[in-house]
Amino acid sequence: GNVALTWTGAEGKMPAQGDVRADRLDLAALAQLGSRLPLGSATHAALAAYAPKGLVESLHARWQGSIAAPEKYQAKGRATGLQVSALPVTPSIRSGTPTGLAAGSPGIRGAAVEFDLTQSGGKAKLVVSAGAVELPGVLEEAVVPLDSLSADLQWQTTGSQIAVTLNDLRFSNADGEGQAQATWRTGDPARSRSKSRFPGVL
């Protein structure tokens, strides 16, 4: 793969800034490299848990501030052969007392995605061919094989709140085919049974 990185350190009131352009990057190799770099325990844990694989065909990203917690950022690109592991549903414990189940996160394999995002939200085009999605805690059989799937996603973030819109979802597998639209947003911790923003409201 090819990578071109530009970095300018903070000076006076000007925050640090970075710009990276890349193509033909192996995600598994990057994740392995990242696990050996001083990126912090949270990043290392996420790389190990999600175990990303696939090929980043193109990427252009730029940011202001620390790369670990940027004040502003923008990224655009395309990845193919994408695979991301799901995280299982786990018991939720608050103050030492079980309060139910904490949501897992979905996984996917056999995907191609084009994305354009900023710190305020973004959009993506998702296509899955001869792959699968994994939805822990949602379906009795968490892994759903797919002959094909396509969808347009848009999302917005306002503070800690996230809203996602799924448009023109079309899918088919050995059990049938269909189409749908959906919206999802984070929940209100004061009203949620889990006392958390997740699993949210569909």
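**Close-up views of a predicted model**

**View 1. Strand S4 and the strands that pair with it.** In strand S4 (53-65), the bridge partner of Val-20 is Ala-61. This pair belongs to the antiparallel arrangement of strand S2 (residues 17-23) and S4, which are joined by 6 bridges; two strands count as paired if DSSP finds at least two bridges between them, and the elements are DSSP runs numbered from the N terminus, with helices (H or I) of at least four residues and strands (E) of at least two. Strand S3 (residues 25-26) also pairs with S4 in the antiparallel sense, over 2 bridges, and here Leu-25 stands opposite Val-56. S4 and S5 pair in the antiparallel sense over 11 bridges, with Gln-83 in S5 as the bridge partner of Lys-53, and a hairpin of 4 residues joins S4 to S5.

The model is predicted, so local features need pLDDT of at least 70 and side-chain atom pairs count only at pLDDT 80 or more, whereas totals for chains, interfaces and linings use all residues. Residues are numbered from 1 along each chain as its sequence is written, and side-chain values use heavy atoms, with hydrogens and water left out.

**View 2. The aromatic pair of Trp-7 and Trp-63.** The structure holds 1 aromatic pair, formed by Trp-7 and Trp-63, whose rings are tilted at 35° between the planes and lie 6.3 Å centre to centre. Rings of Phe, Tyr and Trp (its six-membered ring) pair if their centres lie within 6.5 Å, and planes under 30 degrees apart count as stacked, over 60 as edge-to-face and the rest as tilted. Because Trp-7 lies in strand S1 (residues 2-8) and Trp-63 in strand S4, the pair ties together parts that are 56 residues apart in sequence. Trp-7 is partly exposed at 47% relative accessibility, while Trp-63 is buried at 11%; buried means under 20% relative accessible area, exposed over 50% and partly exposed in between (1.4 Å probe, protein chains only).

View 3. A nonpolar core is a set of buried Ala, Val, Leu, Ile, Met, Phe, Trp, Tyr and Cys residues joined through side-chain atoms within 4.5 Å. The largest one has 18 residues, of which Ile-108, Ala-111, Val-113, Leu-126, Val-128, Leu-146 and Leu-149 touch the most other members. Two or more residues each come from strand S5 (70-84), strand S8 (107-118), strand S9 (121-134) and strand S10 (143-158). Not counting residues up to four places away in sequence, Leu-149 touches Leu-126, Val-127, Val-128, Leu-169, Arg-170 and Phe-171, where contact means heavy atoms within 4.5 Å.

**View 4. Asn-173 and its surroundings.** Asn-173 lies in strand S11 (residues 161-173) and is buried, with a relative accessible area of 18%. A polar atom of the Asn-173 side chain lies 3.1 Å from the backbone oxygen of Pro-145. Leaving aside neighbours within four places in sequence, Asn-173 is in contact with Val-144, Pro-145, Leu-146 and Asp-147.

**View 5. Two alanines with positive phi.** Ala-51 has a positive phi of about 40° although it is not a glycine; Ala-51 is found in the loop between helix H2 (41-50) and strand S4, and is partly exposed, with a relative accessible area of 27%. Ala-130, likewise not a glycine, has a positive phi of about 50°. Ala-130 is found in strand S9 and is exposed, with a relative accessible area of 68%.

Terms used: A polar contact is a pair of N or O atoms within 3.5 Å; within protein, one must be able to donate a hydrogen and the other to accept it, and residues adjacent in sequence count only if both atoms are side-chain atoms.
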